[in-house]
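Trainee: I've got a model open and I'd like to learn how to read it. Where do we start?

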Amino acid sequence: MIEKGVDIAPAEGKLGILLVGLGAVSTTLVAGVEAVKRGISEPVGSLTQMGTIRLGKRTDNRAPKIKDFVPIADLNDIVFGAWDIFHDTAYEAAMNAGVLEKDLVNQLSEPLSSLKPMAAVFEQNYVKRITGENVKTGKNKMDLAEQLIDDIAKFKSDNGCDRLVMVWAASTEIYVEESEVHKSLEVFEKAMYDSDPRIAPSMIYAYAALKSGVPFANGAPNLTVDIPAMVELAEQTKMPICGKDFKTGQTLMKTILAPGLKSRMLGLDGWYSTNILGNRDGEVLDDPENFKSKEVSKLSVLEHIFQPEVYPDLYGNFSHVVRINYYPPRGDNKEGWDNIDIFGWLGYKMQIKIDFLCRDSILAAPLALDLALFMDLAQRAKMKGVQEWLSFYYKAPQTAPGLYPEHDIFIQLMKLKNTLRHMRGEELITHLGLEYYD
Ligand SMILES: NC(=O)c1ccc[n+]([C@@H]2O[C@H](COP(=O)([O-])OP(=O)(O)OC[C@H]3O[C@@H](n4cnc5c(N)ncnc54)[C@H](O)[C@@H]3O)[C@@H](O)[C@H]2O)c1
């Protein structure tokens, strides 16, 4: 629970953003921040940097930038750290990822080359298609967590950081369901000493982060912090957590379009989605067990938005299919196809086709930045536990137990902005607007 008009500690000193995984998303994020700092580009796609927030009445003309309304860390105060299973620096990894033009990467070669990944906690069973050398060894999973805790402390002191946040932007792990080792912190810690196979590497990072007083945001669909043990640890250490799975290409489009169709009470027979993708993420997701994590995350969206149980005549029987096809020539430039079969008045059928020629990491990088900055804000505002107001950024938002997630992007944005207003003690905006007609 967060009080209205809470005291928020100022964003003074350096903020360290610790990235798990130094692949396409992370290097695009780091390069982008460095480019913005040098005036080479604008932070397009980032709500914290470009967004405004209306305050008071429509006639008040008060709409400051979000970063002027709440104390968000300045991009010049950010230092990046990372872990990866490969030794490549951010410069080499950005060149390999091929998201950004070589000329741009070369202009940023100095900050990118100096970002060298720390040795990762990795388990082949969790990510089948890639193998790297830059990996820690330890006597058990708790020992690995302690090594990460040491990395975090060393990074903080070496870089003179005032605060840290951790963002998971590493490969999607295989699908795991919550089981008894995840149910409480006590059992979880014992299972760490026993190196229980149900404890994923991502959970070890999250454990190390929370133990070190570092907020944790999860950009992939793995369970990670979405288990009772981690919620308990976040409460205990008073740290904010959030997840899962950045909402970028196709799911972004779905959560923009589906609420609109539903608002007009148009029916749905089916929604077929397929992607062709050729980056390393696509390669990892080509394995059925890794794809399963992504599929579960992508499928839940429409069920929640359309509420078939409330509108059986319109949405009681729609078919929803999601595919990802690994196709190397496309690299990071994914193509997301959607065929949507809808029906209208008197049941007449219509179709919508979407062909989104997007760029995965260009869409994801500003989300990772916003999440890091908002999680830092949350920790300074003493907001602990699950940060549902950050659902806006996620395909499968983590919520309190028993609560269904809000997927409608417009509700998510209203929730986010109202949370900021609440933090600052401003009136919430309900859009009732009767006062203009008194
Ligand atoms: N780009 C998007 O639009 C998008 C959207 C939603 C989610 N995601 C997720 O974000 C993550 C990153 O995507 P990407 O395109 O940068 O992938 P990527 O394959 O380019 O990068 C992931 C990096 O993580 C590293 N890695 C794997 N396991 C690790 C571990 N245990 N510890 C440290 N490093 C590890 C890999 O070596 C790789 O360099 C993926 O899980 C992806 O599914 C991306």
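Mentor: With domains, whose bounds come from an automatic or database domain assignment. Here the protein is divided into domain 1 (14-246 + 361-423) and domain 2 (250-357). Keep in mind that this is a predicted model: local features need pLDDT of at least 70, side-chain atom pairs count only at pLDDT 80 or more, and totals for chains, interfaces and linings use all residues. Residues are numbered from 1 along each chain as its sequence is written.

Trainee: How many residues of domain 1 are in contact with domain 2?

Mentor: First the rule: two residues are in contact if their C-beta atoms, placed from the backbone, lie within 7 Å. By that rule, 27 residues of domain 1 are in contact with 26 residues of domain 2. On the domain 1 side, the touching residues divide into 13 nonpolar, seven polar and seven charged. For those classes, Ala, Val, Leu, Ile, Met, Phe, Trp, Tyr, Cys and Pro count as nonpolar, Asp, Glu, Lys and Arg as charged, and the others, Gly among them, as polar. The C-alpha centres of the two domains lie 26 Å apart.

Trainee: Where does the ligand lie relative to domain 1 and domain 2?

Mentor: Both domains give residues to the shell around the ligand, so it lies between them. A residue counts as near a molecule or strand if its C-beta atom, placed from the backbone, lies within 6 Å of it. The ligand is surrounded by 37 residues, and the closest are Gly-21, Gly-23, Ala-220, Thr-248 and Arg-280. By class, the shell has 21 nonpolar, 11 polar and five charged residues.

Trainee: Which helix gives the most to that shell?

Mentor: A word on the labels: helices (H or I, at least four residues) and strands (E, at least two) are DSSP runs, numbered from the N terminus. Helix 15 gives the most, with four residues. At least two residues each come from helix 1 (24-37), strand 2 (78-84), helix 12 (280-285) and helix 15 (360-380).

Trainee: Now sheets. What holds the strands together?

Mentor: Strands of a sheet pair through backbone hydrogen bonds, either parallel or antiparallel. Take strand 1 (residues 14-20): seven bridges join it to strand 4 (residues 161-168), and the two run parallel. Ile-17 has Val-165 of strand 4 as its bridge partner. Strand 1 is also joined to strand 2 by six bridges, again in parallel, and there Leu-15 is partnered with Ile-78.

Trainee: Is strand 1 largely enclosed or exposed?

Mentor: A residue is buried if 20 or more other C-beta atoms lie within 10 Å of its own, exposed if 12 or fewer, and partly exposed in between, with C-beta atoms placed from the backbone. Six of the seven residues of strand 1 are buried, so this strand is largely enclosed by the rest of the structure.

Trainee: And what is the order of the open sheet of four strands?

Mentor: The order is 8-7-9-10, with mixed pairing. Strand 8 (319-326) and strand 10 (349-357) are the edges, each pairing on one side only. From one strand to the next, the twist averages 10°; axes are lines fitted to C-alpha atoms, for helices over the stretch in contact, and angles run from 0 to 180 degrees between N-to-C directions. Helix 11 (residues 250-263) packs on this sheet, touching strand 7, strand 9 and strand 10, and its direction makes about 15° with that of strand 9. Strand 7 (residues 267-277) and strand 9 (residues 335-343) pair antiparallel over nine bridges, one of them linking Asn-275 with Gly-336.

Trainee: What should I look for in the backbone itself?

Mentor: Most residues other than glycine have a negative phi, and most peptide bonds are trans. In this model, a cis peptide bond joins Gly-243 and Lys-244, with omega about -5°. Lys-244 sits in the loop between strand 6 (240-242) and helix 11. Asp-245 lies in that loop too, and its phi is near 75°, a positive value.

Trainee: Is Asp-245 buried or exposed?

Mentor: Asp-245 is buried, with 22 other C-beta atoms within 10 Å. Ser-195 has a positive phi as well, near 50°, but is partly exposed, with 15 other C-beta atoms within 10 Å. Look for Ser-195 in the loop between helix 8 (185-193) and helix 9 (201-211).

Key
Two strands pair if DSSP finds at least two bridges between them.
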